[in-house]
Amino acid sequence: MRKTIIAGNWKMNKTPSEAAALAAEIAQIKDAACEVVICPPFVDLFFAKKAIEGSNIKLGAQNCHWETSGAFTGEISADMLIEAGCEYVIIGHSERRQYFGETDETVNKRTVAALAKGLKVILCVGETRDERVDGITEEVIARQIKLDLKGISAEDMANVVIAYEPVWAIGTGLVATKEQAEEVCGFIRGLIKELYNAEVAEETTIQYGGSMKPDNCAELLAMPNIDGGLIGGAALKTADFAAIVAAGK
Ligand code: PEP
């Protein structure tokens with residue numbers, strides 16, 4: 001049975017002391033029926049880790065370089081994240097693709113390296129508004145999935161979570177309808193089956209992300225191919241995040 005995973009992407013929010021306080025509040029969420037992950041900024045990781053100690057909350061980061069160390073100013077390695085207590089890393093978020101020159105090639109390199117080091121990868125894919133209007137959503141998603149997962153084995157897929165995040169729904173308040181989200185998540189599962197096999201497709205967690213909130217999470221999470229959420233804005237408010245976690249079964 002594949003896991004339902006609710007992950008909070010804190011983006012560039014919260015100083016270390018603020019992160020410790022928020023993580024401590026989130027650690028109070030009890031009886032979650034799903035896996036819960038928080039992904040604070042790099043400098044917050046140690047503080048957040050300490051705050052969630054003794055809880056079931058997992059720690060993740062928001063990016064990771066493919067080299068182990070070296071002259072890569074501003075980057076961070078998988079080893080560094082693991083030592084800071086991370087189990088997960090988000091790779092290929094649309095903000096990285098949009099603002100920081102991330103390509104399918106670099107997303108693939110980061111993913112391969114993170115998996116090789118033992119991190120679980122939350123791999124983000126999604127179409128822009130123009131691509132949806134042009135009717136090429138599936139083409140875009142298929143290209144991303146194929147290139148981003150290049151060289152990744154069926155065995156490695158046990159540590160890959162796919163987050164379907166339509167770019168037009170991220171941080172905009174525009175949420176994909178449950179039918180739109182389900183359609184693309186189902187399409188992604190079909191692609192995984194084509195690229196790997198039926199078992200891998202059945203076992204892969206596919207999240208939806210894009211303005212998921214307490215008032216829309218239940219209907220999205222009830223869809224058969226949506227196995228959780230990658231949450232931005234609502235992950236910064238404990239009550240909202242807790243409500244989404246409660247809907248994640
Ligand atoms: C995200 O950043 O991954 C995201 C889904 O953001 P938001 O929930 O704010 O749309």
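Among contacts in the protein chain between residues at least 6 apart in sequence, what percentage join residues at least 24 apart? The share is 71%, where contact means heavy atoms within 4.5 Å. The structure is a predicted model, in which local features need pLDDT of at least 70 and side-chain atom pairs count only at pLDDT 80 or more, while totals for chains, interfaces and linings use all residues. Residues are numbered from 1 along each chain as its sequence is written, and side-chain values use heavy atoms, with hydrogens and water left out.

The overall dimensions come next. For 249 residues, a compact globule would have a radius of gyration near 18 Å, and the 17 Å of the protein chain agrees with this; the radius is taken over C-alpha atoms, and the globule rule is 2.2 Å times the number of residues to the power 0.38. Along the principal axes, the C-alpha atoms fill a box of roughly 45 × 45 × 35 Å. Of the 249 residues, 52% count as buried, with buried meaning under 20% relative accessible area, exposed over 50% and partly exposed in between (1.4 Å probe, protein chains only). Carbon and sulfur atoms contribute 53% of an accessible surface of about 11300 Å², computed by the Shrake-Rupley method with a 1.4 Å probe.

The protein chain has eleven helices and eight strands, which are DSSP runs numbered from the N terminus (helices H or I, at least four residues; strands E, at least two). A closed barrel of eight strands runs 1-2-3-4-5-6-7-8 with parallel pairing. From one strand to the next, the twist averages 25 degrees. Two strands pair if DSSP finds at least two bridges between them.

Strand 5 (residues 120-125) runs parallel to strand 6 and is joined to strand 6 by five bridges, with Ile 122 opposite Val 161. Strand 6 also pairs with strand 7 in the parallel sense, over three bridges, and here Ala 163 stands opposite Gln 207. Strand 7 (residues 206-209) in turn pairs with strand 8 (residues 228-231) over two parallel bridges, where Gly 209 has Leu 230 as its bridge partner.

Helix 2 (residues 45-52) lies across strand 2 (35-39) and strand 3 (58-61), at about 170 degrees to strand 3. Angles run from 0 to 180 degrees between N-to-C directions, with axes fitted to C-alpha atoms, for helices over the stretch in contact. Ala 51 belongs to helix 2 and, leaving aside neighbours within four places in sequence, is in contact with Ala 20, Ala 23, Ala 24 and Ala 27. Helix 11 (residues 238-247) lies across strand 1 (5-9), strand 2 and strand 8, running at about 160 degrees to strand 1.

Helix 4 (residues 94-99) holds Arg 96. Beyond its neighbours within four places in sequence, Arg 96 is in contact with Asn 63, Glu 75, Gly 101, Glu 102 and Arg 110. A search of the whole structure finds two aromatic pairs. The rings of Tyr 99 and Phe 100 have centres 6.4 Å apart and planes at 85 degrees, so this pair is edge-to-face; rings of Phe, Tyr and Trp (its six-membered ring) pair if their centres lie within 6.5 Å, with planes under 30 degrees apart counted as stacked, over 60 as edge-to-face and the rest as tilted. Tyr 99 is exposed, at 56% relative accessible area, and Phe 100 is exposed at 55%.
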